Amino acid sequence: MFAVIAAGRLVQTDGNRIDASKVVFSLANLAKVNHIVVFMTGQEAFPQGVGGSVYLSWADQNQGWQLIGHITNEKPSAIFKISGLKHNKNGGCGECHAFSKVSSTYNAEKPHHAQVGISAEPLMEIANQTPTETTSVTHANTFQEFVTTMCTGLFNYSSSFSSTPEQIVIRVQESGNMQAATQTQFVPLSVLEEWFKKFQSKLSRDIYFWRK
């Protein structure tokens, strides 16, 4: 039902089910790994009203599990930046989550090994959870980067066809087809440039503004 990817590696589907609602994956040698991906394989969905909270525990830090985010049927995958979690001294969460009573594998000789736990929990509870502060769920940043790159590409591509009014007149005269020229619609580059600036401004304030 679940799988995990450490950036730059093959998919891991060897999770160990420790009870009816919890699965644990062991990840080795994460010294140079900054991101992990947790996702549903599509073989089975969560029951209605249920999602999966995602936790992480470092092998050499006897601090328990850190809540790093969640996945659901509506959002079946998530990318987590874990580089900031390694030295997080406030990651333990006492009795405040489903993995609080689950023993993590503590081994001081494996400083870059970790475990990722997934716990099936009611969506109402997941909505009220607060992931560890140093956790960065990067799907939003990735989306913003994608949109910005796409719009920049559109602007640059359109700009490559730009012409001055004088150049347009010369081309029309050289073509000798005045009827076709008068039927062609032209959009000033300044219009596209103004749209691009407004789009960037809206995106910087709220990356989900397009939903409204």
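**Close-up views of the predicted model**

**View 1. Open sheet of five strands.** Five strands, arranged in the order S2-S3-S8-S5-S6, make up an open sheet with antiparallel pairing. Strands are DSSP runs (E, at least two residues) and helices are DSSP runs (H or I, at least four residues), both numbered from the N terminus; two strands pair if DSSP finds at least two bridges between them. From one strand to the next, the twist averages 30° (axes are lines fitted to C-alpha atoms, and angles run from 0 to 180 degrees between N-to-C directions).

The model is predicted: local features need pLDDT of at least 70 and side-chain atom pairs count only at pLDDT 80 or more, whereas totals for chains, interfaces and linings use all residues. Residues are numbered from 1 along each chain as its sequence is written, and side-chain values use heavy atoms, with hydrogens and water left out.

**View 2. Pairing of strands S3 and S8.** Strand S3 (residues 22–27) and strand S8 (residues 114–122) run antiparallel and are joined by six bridges. Phe25 has Val116 in S8 as its bridge partner.

**View 3. Aromatic pair Phe2 and Phe46.** Two aromatic pairs are counted under the rule that rings of Phe, Tyr and Trp (its six-membered ring) pair if their centres lie within 6.5 Å, with planes under 30 degrees apart stacked, over 60 edge-to-face and the rest tilted. Phe2 and Phe46 form a tilted pair, 5.6 Å centre to centre with 45° between the planes. The pair links distant parts of the chain, 44 residues apart: Phe2 lies in strand S1 (residues 2–6), and Phe46 in the loop between strand S4 (35–40) and strand S5 (50–58). Phe2 is buried at 9% relative accessible area, and Phe46 is buried at 6% (buried, under 20%; exposed, over 50%; partly exposed, in between; 1.4 Å probe, protein chains only).

**View 4. Aromatic pair Trp195 and Phe199.** This tilted pair has a centre-to-centre distance of 5.4 Å and 35° between the planes. Both residues lie in helix H5 (residues 189–205), four residues apart, about one turn of the helix. Trp195 is partly exposed at 36% relative accessible area, whereas Phe199 is buried at 19%.

**View 5. Faces of helix H5.** Leu192, Phe196, Phe199 and Leu203 are buried in H5. Seen down the helix axis, the buried residues of H5 fall within an arc of 65°, so they line one face; the arc is that of the directions from the axis to the C-beta atoms. The face turned away from this buried side carries the exposed residues Ser204 and Arg205.
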